[in-house]
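Hello,

Here is the structure I promised to pass on. My notes follow below it.

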Amino acid sequence: MEEFDKAISFDGRDIRLKVGLLAPQAGGSVLIQSGETAVLVTATRAKGREGIDFLPLIVDYEERLYAAGRIPGGFLRREGRPPEKAVLTSRLIDRPLRPLFPSWLRDDVQIVATTLSMDEEVPPDVLAVTGASVAVLLAGIPFYGPMAAVRVGLVGDDFIINPTYREIRDGDLDLVVAGSPDGIVMVEAGANQLPEQDIIEAIDFGYEAVLDLIEAQNKLLEELGLNIVTEDAPPVNEEVVQFISDRTTEDIKKVLSQYDLDKTARDLALDEIKAAKLTKEIETLAEDHPIKVAVTENGNLLDGLFKNQTKKLMRSQIVEDGVRVDGRKLDEVRPISCRVGILPRRVHGSGLFRRGLTQVLSLATLGTPGDAQDLGDDLHPQDEKRYLHHYNFPPFSVGETKPMRSPGRREIGHGALAERAMLPVLPHKDYFPYVIRVVSEVLSSNGSTSMGSVCGSTLALMDAGVPISKPVSGAAMGLIKEGEEVRILTDIQGIEDFLGDMDFKVAGTEDGITALQMDMKITGLSMETVKEAIEQAKPARLHILNKMLETLPRPRLEMSPYAPRLLTLKINPDQIGMVIGPGGKTIKGITEKTGAKVDIADDGTVTISALEASKAERAKMLIYNMTRKLDEGDVYVGKVTRIIQIGAFVEVLPGKEGMIHISQLAEGRVEKVEDELAVGDEVLVKVRDIDKLGRINLTRLGIHPEEAVAAREAAAQLQR
């Protein structure tokens, strides 16, 4: 393909699409660039494998530190396991792409997005999403696109398209909108408690820009003489469909209308219908019977068509009767229960949140500044994280058995969503200098465990005594769309997520939204439906929030006795080296003497932690005295460190020495310094003066008795 370059402009910011330049053996490739951030995105299709009954789509986002002119750390000095941000970007690309591939496609499809250059102002993630659409179209893969994504920021009262990192950080909104010609297919956002109407307007604003990018892709294809590829779906075996329908419809309807069945009982009942009404009957058919031949040749056919029949009947029940499989109304939340403080001793805070059969246990741990997560080895400007949310989804939570490995993309994604939901309400580090980690353990799952994690996190943080500004709750909304008929479901459970068309998670406080995430299984959703879903989520969120506050109405005033006590003070950055000492000798000495841990930031902020407040206070006093400015007339109890012919050096504070001239040792004449002092003696001294070079001159003369008493009390306090 010959080289081709196309530019699209948004508010003076260009996005350039360059095709035919790189990766000629990929199915399709594009270099998408904005500012000095450039991402190579490729799409490649391979022949499908036998026995696959799903789309084996692989999306990989790769970061290369050379893109920002950096060399990786660590022993190997090369990129290793993808950082969390790269995993989240892979998910961001995957989620709007997946619903736009035909449901019957079974070929292996791989999207690889690699950031080749980054100016640390333009985020590469939304560029990669749009680039993925271009690459798929160029590769000739069946696709209901084009698709594009933009980021929307809010600076002051103005929405802006594709804000810089600084504008995102300084603004109140970080929203990504992806869409197709049929409507919105994905939304991801973090917000500073914005009202629902502001979020709706931001999504609408973003989708207008998405349509411009879609039009640019259409023009690019036209100029290249290419068409969007569509392939006919393989024919459905109507005879098998009818066979399943005739034998299972009434039985499935009966199970779906038994509202008192829980998830396990319902699944068992449906499995029994499939086994008794289909599998056993097919086994009795002659070997050459068309039904048996079709099922034998395609081992996944029966399961797939039975699932489709269940899906059709469940959706019909909701659309026609307005009743869900558990008997709830469309806008009804499942029963909720909450508990806090359920674990003993060293757990700093815990919250157990249950909604229906979904149960999440969240545990909060308070750490010191040294516990912050270092983000040095990725491309993004943020250098550390002080709030960490980790989400675990063990197999027993859905009654399954499978090997337990390190967290996968789903766990990382759900943890990041819950983390984002809580960030706007956390106390500022100047006021509450702790590093906070919350781990949400999913103990039982039947829909929306991520929003359960948000609710559990709020309870755990309040139980730990973290002074959050507002409690946060969350609800997951679903959708059933049959032709022109649309039904929005509040608080979806597992089967409604699995067989429905949307999973829309909304989290926030009583004042507004803090996070949301929308994923679709259809090719697009109108702005009107998105608006309705956001508005319907609000009363659900507030209902859940009220149930939580009945258990714990506000953060506890006292932290766990096992949480570290933190004290802070500010020193001149020039004094950091003095506090640390050569080879860390001084700071290690403080730790050994007091039992407190000391962390020093580059700006001179010193954070001292200890399980006992008295130990932290002692370490703080040591550092304060070490770094405080001495004034003439101050009186101290010091220790003689060395003696010279004309006087003695005395350490009045850790790391601070002054000299007593022999003439200042006593009222009368002193022949030899050794007649008055020896190394190691404690001596009461006053600061006589500090010369222009900063040298401290001391005296033993003229000290008032009250000054002596105060100095000895201060010295005794340091020794405790």
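Predicted model: local features only at pLDDT ≥ 70, side-chain atom pairs only at ≥ 80, totals over all residues.

Residues are numbered from 1 along each chain as its sequence is written, and side-chain values use heavy atoms, without hydrogens and water.

**The sheet**

S12 covers residues 349–355 and runs antiparallel to S11, with five bridges joining them. (Strands are DSSP E runs of at least two residues and helices H or I runs of at least four, numbered from the N terminus; strands pair if DSSP finds at least two bridges between them.) Both belong to an open sheet of five strands, ordered S11-S12-S13-S17-S16, with mixed pairing. S11 (336–340) and S16 (387–392) are the edge strands; each has a single partner, so one side of each lacks a neighbour in the sheet.

Helix H10 (residues 449–463) packs on this sheet. H10 touches S11, S12, S13, S16 and S17 (contact means heavy atoms within 4.5 Å).

**Helix H7**

H7 spans residues 290–297. Its buried residues are Ile291, Lys292, Ala294 and Val295 (buried is under 20% relative accessible area, exposed over 50%, partly exposed in between; 1.4 Å probe, protein chains only). They fall within an arc of 160 degrees seen down the axis, so they line one face of H7 (the arc uses directions from the helix axis to the C-beta atoms). Thr296 and Glu297 are exposed on the other side. The cover over the buried residues includes H5 (238–256), H6 (263–284) and H8 (301–321).

Best wishes

How values were computed: Axes fitted to C-alpha atoms, helices over the stretch in contact; angles between N-to-C directions.
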